[in-house]
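Please look at the sequence and the model below, and keep both at hand while reading.

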Amino acid sequence: MASELDSLIQNQVSEANSVRIFEQYVRPALAEFFGVTLFVCVGCLAVTQSGSASAPGSVPFSGVSIALAHGLAIALLVCALGDVSGAHLNPAVTLGVLLAGGISIPKAVIYFISQLIGSMTGAALARGILPASVYELIGGGAHNLGSFAKDSVTPGQGVLCEMVLTMVLVMTVLLTAVDPITKTTLAPLAIGFAVTVDILAGILITGASMNPARSFGPAVAIAYHDSDIWNYHYVYWVGPLVGSAIAASWYRFFLASSEKRLILANYEPMQQ
């Protein structure tokens, strides 16, 4: 009888551990994978609206369409997946949330891997949807330094551009979705606006990635047709990751609520 009771207890504990692991790690990782897959696929398809699909080398007068497609997609996915994984959908955002104390290192690594796998899956879906001629004409929707600029953009300018744009995005995420005092139900809208504004500002310079996953998957998919895509690919990692680190540091030192701030913490208002 005692052995049966011990066995029952062990089974219950094992089941509880399995549920905990699923809820804490597997479910959020699947949400990140699914969200990035959809985001990258929609983002690549939106590039067909740039005008380059009909006129090679033309300036994307429909850049507003690309910005809205990305911004609205992010807003919808944050609404749908925010309560599951936080809807980072971006390694740079995950880094920022990690540095802000909003996620553990093991979970951040799992998110990072899920996001990169999702980016390649989304790019593969876009490749399967688009006709080969259109797909090659838009470069698979991948980011390429200065591809739309009239004048050449240097790698340094590209890194700086991506850094500034990512600071806008990550700071918006931290203050509207992470900080316990300033977070708001309007976070999906604010984050979507941040993505839209950033793309409108930077599309003619770097394509305004702000997201290494958004750049990585399409680069992998188009590399067979254009191996030069890797020449300046590092711009889309260095810029966003550095920008994220700066935004998170600024947040932790100055803008975070007292319980998360690294200086002058635990502030209590004076009694009147």
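Predicted model: local features only at pLDDT ≥ 70, side-chain atom pairs only at ≥ 80, totals over all residues.

The patch as a whole is formed by Ile105, Val109, Phe112, Ile113, Ile117, Met120, Val220 and Trp230, which together have about 660 Å² of accessible area. Ile105, one of these residues, lies in helix H4, and because its relative accessibility is 57%, above the 50% that marks the limit for this class, Ile105 counts as exposed.

Of the 272 residues of the protein, 45% count as buried. The protein exposes about 13,600 Å², and carbon and sulfur atoms supply 66% of this area. As for how the chain meets itself, residues 24 or more positions apart account for 75% of the contacts with a separation of 6 or more.

Is Ser209 buried or exposed? Ser209 counts as buried, because its relative accessibility is 6%, and the class of buried residues takes in values under 20%. When residues up to four places away in sequence are not counted, Ser209 touches His143, Glu162, Arg214, Ser215 and Tyr236. With one of these residues, Ser215, there is also a polar contact, which joins the side chain of Ser209 to the side chain of Ser215 at 2.7 Å.

The cysteines are the last stop. How many disulfides does a search of the whole structure find? The search finds zero disulfides. Cys41, for example, is in no disulfide, and the nearest cysteine sulfur, which belongs to Cys44, is 7.1 Å away, whereas a disulfide would need the two sulfur atoms to be within 2.5 Å. Two of the cysteines can also be described by their accessibility: Cys41 counts as buried because its relative accessibility is 8%, while Cys79 is exposed, with a relative accessible area of 55%.

Technical notes
Residues numbered from 1 in each chain as written. Heavy atoms only, no water. Buried < 20%, exposed > 50% of the residue type's maximum accessible area, 1.4 Å probe, protein only. Polar contact = N/O pair within 3.5 Å; in protein donor to acceptor, adjacent residues only side chain to side chain. Contact = heavy atoms within 4.5 Å. Patch = residues over 30% accessible without salt bridge, like charges linked within 9 Å, V, L, I, M, F, W, Y side chains within 5 Å. Areas by Shrake-Rupley, 256 points an atom, 1.4 Å probe, with all protein chains shown as cover. Salt bridge = Lys/Arg side-chain N within 4 Å of Asp/Glu carboxyl O. Helix = DSSP H or I, 4+ residues; strand = E, 2+ residues; numbered from the N terminus.
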